[in-house]
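Here is a short briefing on a protein structure. Keep the sequence and the model open while you read.

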Amino acid sequence: MPEAGLLTVLPMNELVFFINKGIIAGLISGSIYALGAVGVTLIFGILRFAHFPHGDMMTTGAFFALVLLVLFPGAGAAVGLPTAFVLLPIAMAMTAVFAVGIDRVIYRPMRLAGSRPVVMVMTSIGVMLMMQGGIRLFAGTGTRQLYVAADSKDIYRIPLGGRDIVITEPQLLLFVLTIAAVIALHLFLTRSRMGKAMRAVADNPDLARVSGISIDHVVRTTWLIAGALAAAGGTMLALDVTLKPDLSFNIILPIFAAAIVGGVGQPYGAIAGGLLVGFTETLAVFNWSVLLRPLQPLLPEFIEIPGRITFVPTEYKIVVPFFILLAVLIWRPTGIFRGRLNL
Amino acid sequence: MKTLPVRELVLLAGLVALVAAIFSRVGPAFGVRMLAEAACYAVIALGLTIQWGYAGLFNVGLMGFVALAAFGTVLLSYPVNQAFWQGAGPGMLGWTFVTLVVGVAITIAISRSDRIGVPKPLRMALTLVAAAITYLAVQGQLDPAASVIEREAGFVGGLGLPVWIGWAFGGALAGLLGWVMGRITLGLRADYMAIATLGIAEIVKAFLKNADWLTRGTLTVSPIPWPVPTPADLGFVASRSAYLSVVAIMIVVLYVLLQRAWASPWGRMMRAIRDNETAAAAMGKDVNRRRLEMFIIGNFIIGVGGAALITFATIFDPSSFMPLNHTFLIWVMVILGGAGNNLGTIFGALLVYVVWTMSEPAALFLFRQIEVIGGDLFGWQAPGDLATRALQMRVFVIGLAIVLVLRLAPGGLLPEKRMRYE
């Protein structure tokens, strides 16, 4: 074919496939990780320990949304959005209060008794087991849908020649929600009194205390924010896929990776880290031969593009955030945004 | 003046009474099995108490090390698979190995090339490129080799060596992995180590589950040979008792060695590092190196105990290593029994495992009662999967036990005896 100009070879179909399976999927998991990692990094920065139950906190938030969904099934139809999304603010508030309650009952007494950070981490693992057992005890071990019959999972298609760019309603809402959360968090941390106090405590708790900042209030606000964002992330994830009670281990590792990559104690770093981890994870298991296949006519005959080229086989997806984590720990332990290493 | 160890004696007597009561209820065959498993857990717990109680190291990836050690045992002790050795598999694997060695050697050589004056950014880029090429080359050779082996022979099989060599090899593998982990994470704060061990455990499990050519994956490998005659020869009670005594001897030897080490200058140095790292460093102790030692020794013991545990079960199933149930069960054993106290750890392991085994029927019974009472009083319709949910109660109780012990009795039931030098 002598007239096979660049336009006909231009892999529109494949490019759209890449956008669907690579960019959008990466953005989704990145947003979820970011919402979780912000909470983890705030707790890391202010309370100075790794909060292992964060994945279960997300699941708990989603289950609060499920309970609300059963109680008010008609709320979504009234507004025209998925019911769980309409009820999300209430679920976020419930999870935030729940997080503060856990702190009051378990972490606060340990803090007052002067436990070492290592003991706090172990306690948080105990809390993780309690939450995991509790969730499965009350909600069973099966998967659930976070939808009522009246909801429709709208699918938007952006036509681009052959294939369409596909994005579902929950995914779109997730992006909107993440951006809103980031802006709100930014305004809160830089403009409000409490936000400034939080940053002060994260920088130097002793100095903050002697300058009249109530550590108790700061800690409570931290848990409120972390709980609310965890609920948002968990609910949106459950809306996009399904609600599974055994989320925690699979999601806590990427979230920690995101928090550490972004620099511990740095909320903006956590967002960037979340997106980075999400994209890397998705692109590592993405089948690149789809993109390379259109190049086949341009290549000499003896080079054949195999049917499947991925950096990492799909079953090893969990390895990816871990290697990001290791690479950061080896080469730049403070993270991209220069978080504090020895809190 | 030496006083009688009243606390130890009372607790031990209570444990003996509990075990005796269970024996009379469930019969000797099940009772001995429970004790043998508890003994294997005690070995693992001893390894963990070295890491956590002696050195303050945070290992939540126990199941990864256990799985790796169990795999090492399978590799050495499982009977030889003739189909594999007569097929094309060994040759292909050999070439893969050669490729790997050459690739790693070249990569390391390039990463040291600054000694001949290669600028740093270039060296970095070249190293990454070399590593990527090595990875692709090894991957490209391993995939066909794996499919050939799976088609011809199923999996590589074992070497048919005695089981105790397999245990030692498994422990060594776990220790080696611990060395790699320790080199990376020991200089950082403890939380990072927890996260990293959690991650490595998931990776080891993912690898063992998916490398069908090596471990048969989800098809599982059984029966793993025993170091003592199997139930088929002697009957359940006698053979399990023999197994129990093997593990018990192991525990006694470990206990004596650990007590000696703990009383030695080396043990004193370890306590100094744990109690005041800065002061120990100021005295010229190489803190991270000593910790690395502890981590490796601990992982070796964890590996041996884990290999013994899996050998007792006679089946190697990579998907059975549940972090929730097992890793944290061992953690409860250590912190409940008394971290840093070897006797307390062994006691905690036996007590917690016995209670754990009995908690399954107890939880089911309890929930059955709740179902009946709830149905009678309120007309409450219990969900159909109540039995599976009831078992989740046990996870909750493990978590609660961790929180309560850390909150109320941070030293455990038998706290570590602080030595005084006066």
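**Around Phe63(A)**

Phe63(A) touches Ile135(A), Ala139(A), Arg144(A), Leu243(A) and Pro245(A), leaving aside residues up to four places away in sequence. The model is a predicted one.

- Phe63(A) sits in helix H3 of chain A, residues 54-71.
- Its relative accessible area is 10%, so Phe63(A) is buried; the cut-off is under 20%.
- Pro245(A) is one of its partners. In sequence, Phe63(A) and Pro245(A) are 182 residues apart. In space, their C-alpha atoms are 8.9 Å apart.

**Chain A as a whole**

- Chain A has 15 helices and 2 strands.
- Chain A has 343 residues, and 54% of them count as buried.
- Take the contacts in chain A with a separation of 6 or more: 75% of them come from residues 24 or more positions apart.
- The accessible surface of chain A is about 14,800 Å². Carbon and sulfur atoms hold 67% of that surface.

**The interface of chains A and B**

- Chain A gives 52 residues to the contact, and chain B gives 44 residues.
- Met122(A), Leu129(A) and Leu137(A) supply 16% of the area that chain A buries against chain B, more than any other three residues.
- Together the two chains bury about 4,200 Å². Of this area, 78% lies on carbon and sulfur atoms.
- How many salt bridges cross between chain A and chain B? The rule finds 0.
- H7(A) gives the largest share, 18 residues.
- The side of chain A that touches chain B has 41 nonpolar, 7 polar and 4 charged residues.

**Phe138(A), on helix H7**

- Phe138(A) lies in helix H7 of chain A.
- Is Phe138(A) buried or exposed? Phe138(A) is exposed, because its relative accessible area is 69% and the cut-off is over 50%.
- Phe138(A) and Phe188(A) are 50 residues apart in sequence. Their C-alpha atoms are 36 Å apart.

- Asn342(B) belongs to helix H16 of chain B, residues 342-378.
- Asn342(B) is buried, with a relative accessible area of 0%.
- Which side chain does the side chain of Asn342(B) meet in a polar contact? The partner is Tyr54(B), at 2.9 Å.
- Beyond its neighbours within four places in sequence, Asn342(B) contacts Leu46(B), Thr49(B), Tyr54(B), Tyr255(B), Leu258(B) and Gln259(B).
- Ser77(B) is in helix H3 of chain B, residues 62-77.
- Ser77(B) also counts as buried, at 3% relative accessibility.
- The side chain of Ser77(B) reaches the backbone oxygen of Pro162(B) at 3.4 Å.
- Outside four places in sequence, Ser77(B) touches Gly160(B), Leu161(B), Pro162(B), Val163(B), Gly166(B) and Pro225(B).

**Helix H12 of chain B**

- H12(B) spans residues 265-275, and its buried residues are Gly267(B), Met269(B), Met270(B), Arg271(B), Ile273(B) and Arg274(B).
- These buried residues pack against helix H2 (28-54), helix H11 (236-263), helix H13 (277-282) and helix H14 (287-313) of chain B.
- Arg274(B) forms a salt bridge with Asp275(B), with the closest N and O atoms 3.1 Å apart.
- Arg274(B) is buried, at a relative accessible area of 18%. Asp275(B) is partly exposed, at 46% relative accessibility.

**Other salt bridges**

- Over all chains, the structure holds 8 salt bridges.
- Side chains of opposite charge can pair when their charged atoms come close.
- Arg290(B) and Glu293(B) meet in a salt bridge at 2.8 Å, N to O. Both lie in helix H14 of chain B, 3 residues apart, about one turn of the helix.
- Arg290(B) is buried, with a relative accessible area of 15%. Glu293(B) counts as partly exposed, at 26% relative accessibility.
- Asp206(A) forms a salt bridge with Arg209(A); the closest N and O atoms are 3.6 Å apart.
- Asp206(A) and Arg209(A) are 3 residues apart in helix H10 (residues 205-210) of chain A, so about one helical turn separates them.
- An α-helix has 3.6 residues a turn, so residues three or four places apart point the same way.
- Arg209(A) is partly exposed, at 49% relative accessibility.

Definitions and conventions: Residues are numbered from 1 along each chain as its sequence is written. Chains are lettered from A and ligands numbered from 1 in the order in which they are written. This is a predicted model: local features need pLDDT of at least 70, side-chain atom pairs count only at pLDDT 80 or more; totals for chains, interfaces and linings use all residues. Side-chain values use heavy atoms; hydrogens and water are left out. Contact means heavy atoms within 4.5 Å. Buried area is the accessible area (1.4 Å probe) that two parts lose on being put together, summed over both. A salt bridge is a side-chain nitrogen of Lys or Arg within 4 Å of a carboxyl oxygen of Asp or Glu. Helices (H or I, at least four residues) and strands (E, at least two) are DSSP runs, numbered from the N terminus. Ala, Val, Leu, Ile, Met, Phe, Trp, Tyr, Cys and Pro count as nonpolar, Asp, Glu, Lys and Arg as charged, and the others, Gly among them, as polar. Buried means under 20% relative accessible area, exposed over 50%, partly exposed in between (1.4 Å probe, protein chains only). Accessible areas come from the Shrake-Rupley method with a 1.4 Å probe; for residues, only the protein chains shown count as cover. A polar contact is a pair of N or O atoms within 3.5 Å; within protein, one must be able to donate a hydrogen and the other to accept it, and residues adjacent in sequence count only if both atoms are side-chain atoms.
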